[in-house]
Structures are given as structure tokens and as C-alpha cells.
Amino acid sequence: MVSSSSDYIRTTGVLLHPTALPESPVCGTFGLGARKWLQSLARNQIGVWQLLPLSPTDSSGSPYSSPSSFALNPWFLDAEDLFKEDFLSESSFLELPCETHKEFGSTSTLNFSLAELRSNFLGKALIENWDRQDSVRHFAFNAWCNKQAWLEDHSLFMEIRRQHDGLPWWKWPKEFSLHNESELDIWKIKNEFKLLEHKLLQWHLHRQWQSIRSLARDLGVLIFGDIPFYVARDSSDVWSHRSLFSIGSGGDLEIQSGVPPDYFSEHGQLWGTPVYDWPVHLLSEFNWWRSRFARQWEQFDLLRLDHFRALVSYWAVPGTSTTAIEGFWKPSPGKDLLSLIKSDRGGKLPLIAEDLGVITPEVEALRDSFYLPGMKILQFAFDGNSSNPYLPENIKGNSWVVYTGTHDNSTTLGWWNSLDKVVKGRVAKLISQVEEDPVGQLLELGLSTDACLVIVPLQDLIRLDDSARFNTPGTTDGNWSWRFDSFDFSLESNLSNYGERGISWGRSKEDASRLV
């Protein structure tokens, strides 16, 4: 993306997942809140909106362990817009479950049970009103469905799982778990309208998100998405394409993903997803991967590829292992895959490599051969090592995306409050007035680098502590649920200041378009 000094790009962005948007009950949506957010970014000369994956979540609310890597999360569907377009009847709109249900507790955070209840209600209400829609809408829906090769298996997976109380696919009756085509064809006929519900939800999500994308283009704001490297074992992807994964016909993991032991974890990390059967992908010329990326390009302008290092080699752990210690490195055909994806994109590859942690020269060589920016996290910079790659003075060149922190880190105020005097002293050597505004001063360091893009989580921008932390890796409770309250003067003031500081460092909203 950034191939020479003459191509220098300098812009700014904000990380905010749509679940955290206000202006809608229960969960942020692809409606008014998203439109107001884009307008706020554009008004304040901020060029990039970064999001987490938009796919459905697992039971803990994580979008990184999704039942489908192609689908959109029904929680994002905006009921008010559906009602205004007459896709939803007035009675259904007024009966929608909302945050006034006392049994669901606080309204300042996302309640997953209520979000699921609401999306299920919406699906049924859309079905009830579907026959009233005119032929033009029916034609548009059918035309869209016919182009979505993933949609049939996604709908089957979600409905069969619902009818079996959420059990993973390998615990379904064999005619379903083995993806028996003849049995499934019979079942489809009996469950036509239930499958239609899932397809309608995805079509409406597509329509609403494309409307948001269109507004973003008009405003000159780039949409920056995120694609996990692995997919969940209990997913429509694995269920319907198990030959592509290291998994037995009965669902047993043959090889599972993870990372090796290191300074932070003596047993390594065991992620529990199947790894890819790369020889099978090679034989198909990476058809599944290319379809997956094509689907993501429909939704985003720019993508972060998580766990980029696995494109060079991945840590393969026997499926029966309970820790990652017994794993071993195996090579991946990342160069071949990226070359084909780049060719599919007409010679452009708008990717950011998530290259955090211990990265080998081979990984750096792959990243650099495709001119992909890497990532730098400023919170990681202050271990006292002068060669620390996250120190601002060591961030050389333009091909970097600099963050104060990410969704997996403490908020910067939470990070600062947790530091001991020694580490605070190291920070103070770079920032003389850090005690007055540690978040703003750390952000200023990021803006001062040559990085093509500086991203700040909204929680940092509005100076929130760890009560607003979005995710703590290795835990399952209290994550993914933070929401902010409203588009108030304080938010506007902080966005305005950020935009102005970016401009003072030569960062423009207009430069965002050059990232792609």
C-alpha cells in the first residue's frame, strides 16, 4: 500500500464497534446511530472508522468466534428503519423487546440475551410482513440470495442449531451432522419459512450496511474492518466444508490452533479451532479463502488480517492436547494465497497485517513484499528497552498503523492508572506533562510519528478508565458489552480536538482514500 517515500500517507481514525453506538435500544445498529457517528467523524476531519468483525457472535459475545464468517450479526438490524420502509408493521415495531424489560438489568451495557431475543422477534416479524411486500422487493431479495453461495448453508446451520437447543453440529443427529445432502433437501421443504427468516435477516442487514457504506463514501470516511485468521469449530464454515479443515467427520479436532509457550505463558495458548488443511486449499486454488475475502471487500474498504504470522507458519497442536506445549510449527502457503487475493482485487491489496508479538524475519519479509502496513501499540513501548519496536522513535517509515491501545488492551487511562512509578517515570521522559493528560499526551506521540494511520479507541478519546474496557483476553465474562451514552457536547469536543491535532501534524481526512 505504501511503496515509497513519495507515497507518504498521513491520516487518523477511531476504533468503535457498532454494538457500542447509541441512538438505539439494546444494541447499536446500522441505523441512525451509525449515520450520526459517520457524520461526526467527517465533520471533525477524521478519515477512518475501524470496527471489529461484523459477524454473529458466540455465546460470550465475541465476534472473533462466529458461527459464520460470511454472515452479518442480526443484532445490528435497525428496526426503526425497517418500520419506516414498511418492512415491519406498526404493531410489531411497538412490541419489540427493549431495554425497559427489568429482568435484563442495566441499559448502559449490551445484554446479549436481550439482543438475541430482539433479533429473533424481528426475524419472525419480517416473515409475517413479507407477503405484503411488492414484486420489486421480492425480485431484489431473490436476486441477492442467488448470488450468495454461503447463504443456504448458513441458514441451514442456524436453523438446525436452533431446533436442537444450540447444540454444536457434531452433536446433532447424523443426517444433519454429516451434512447429508439428500436428507437436508427433504428437511428444507418442511422448514421453508424458517429458513426464509434467516435469509431475510441477512438481506436486510446487507441493505442497511450498504446504505451506511454509501454514506461513508459520500462523507469521505474509510471503513476499516477486521478478519479473524481462524474460524470457529462450531460454524457453518466447518460444518459445510470440513474437508478444508483439520477435523474428522464426527467433529473431532485432528489438529487445533494456538501459539507456543513464551515469556507470558509457560504453556502457550490453546485456541481450540481447527487449522486449515492447506493442501486441499491449494488444490482448489484457495476458492474458499478468496470467496471469504470477496465477501469482506463488499463490507469494508480496508481490512486488518488477524494473526498474520500464520500465513508463513502456524503452531499446530494435536487435537487431543490440553495445552499448547505439544505443538509444532508447520509452513503455510501465505505468499500464494495473498498473490491470488491481490490479483482478484486488480493488483491492490488493502490489508493491514496484525504482526504483534514475536515476529520472525520471514513474517516481516512476507508483509513487506506485499507493502502491507504493520501495527504498533504505544502501551507496549515502555519496558525500559531502548530498542523496543513500539517506542515512537523506533517507528520508522510510513508503513505502520499506530494505536494507543486496541480492543484487547486496557483503556489508556486504565493502563496509566495501573503502572508503577518506574514505568510512569519512563513515560515521563518522553512526555513532560503526562500527569496532566496521560491519554492525550500518548496520543500526541502517536500523531507525531510517520505512521500512515493513527487509530484511537473511542474509550481513550473520551478519557474512560477500565470500566469501559471492551475485552480482556483469556476471560469470558464482562467483555464486548460496553456502550457509550449519547452524541453529546463532550464527545464532539474530543473528536474536534483530535481532528485538529491530527491536522497540526499534517494528517488529513482526504489522505484516508489513499490507503486503498
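A charge is said to sit over a ring if NZ of Lys or CZ of Arg is within 6 Å of the ring centre and within 35 degrees of the ring normal. The legends below describe close-up views of a predicted model.

**View 1. Arg233 over the face of Trp170.** In this view of the predicted model, Arg233 lies over the face of the Trp170 ring, and the distance to the ring centre is 3.9 Å.

**View 2. Lys376 over the ring of Tyr390.** Here the residue that carries the charge is Lys376, whose charged end sits over the ring of Tyr390 at 5.5 Å from the centre of that ring.

**View 3. The aromatic pair of Trp130 and Trp203.** A search of the whole structure finds 41 aromatic pairs. Among them is the pair of Trp130 and Trp203, which is edge-to-face, with 5.8 Å from centre to centre and 70 degrees between the planes. This pair links distant parts of the chain, since Trp130 belongs to helix α4 (residues 112-130) and Trp203 to helix α9 (residues 192-219), 73 residues apart. Trp130 counts as buried because its relative accessibility is 6%, and Trp203 counts as buried because its relative accessibility is 5%.

**View 4. The aromatic pair of Trp172 and Trp239.** Trp172 and Trp239 form an edge-to-face pair, in which the centres are 5.6 Å apart and the angle between the planes is 70 degrees. Distant parts of the chain are linked by this pair as well: Trp172 is in the loop between α6 (151-163) and α7 (174-177), whereas Trp239 is in helix α10 (residues 236-240), 67 residues apart. Both Trp172 and Trp239 are buried.

Technical notes. Residues are numbered from 1 along each chain as its sequence is written. This is a predicted model: local features need pLDDT of at least 70, side-chain atom pairs count only at pLDDT 80 or more; totals for chains, interfaces and linings use all residues. Side-chain values use heavy atoms; hydrogens and water are left out. Rings of Phe, Tyr and Trp (its six-membered ring) pair if their centres lie within 6.5 Å; planes under 30 degrees apart count as stacked, over 60 as edge-to-face and the rest as tilted. Helices (H or I, at least four residues) and strands (E, at least two) are DSSP runs, numbered from the N terminus. Buried means under 20% relative accessible area, exposed over 50%, partly exposed in between (1.4 Å probe, protein chains only).
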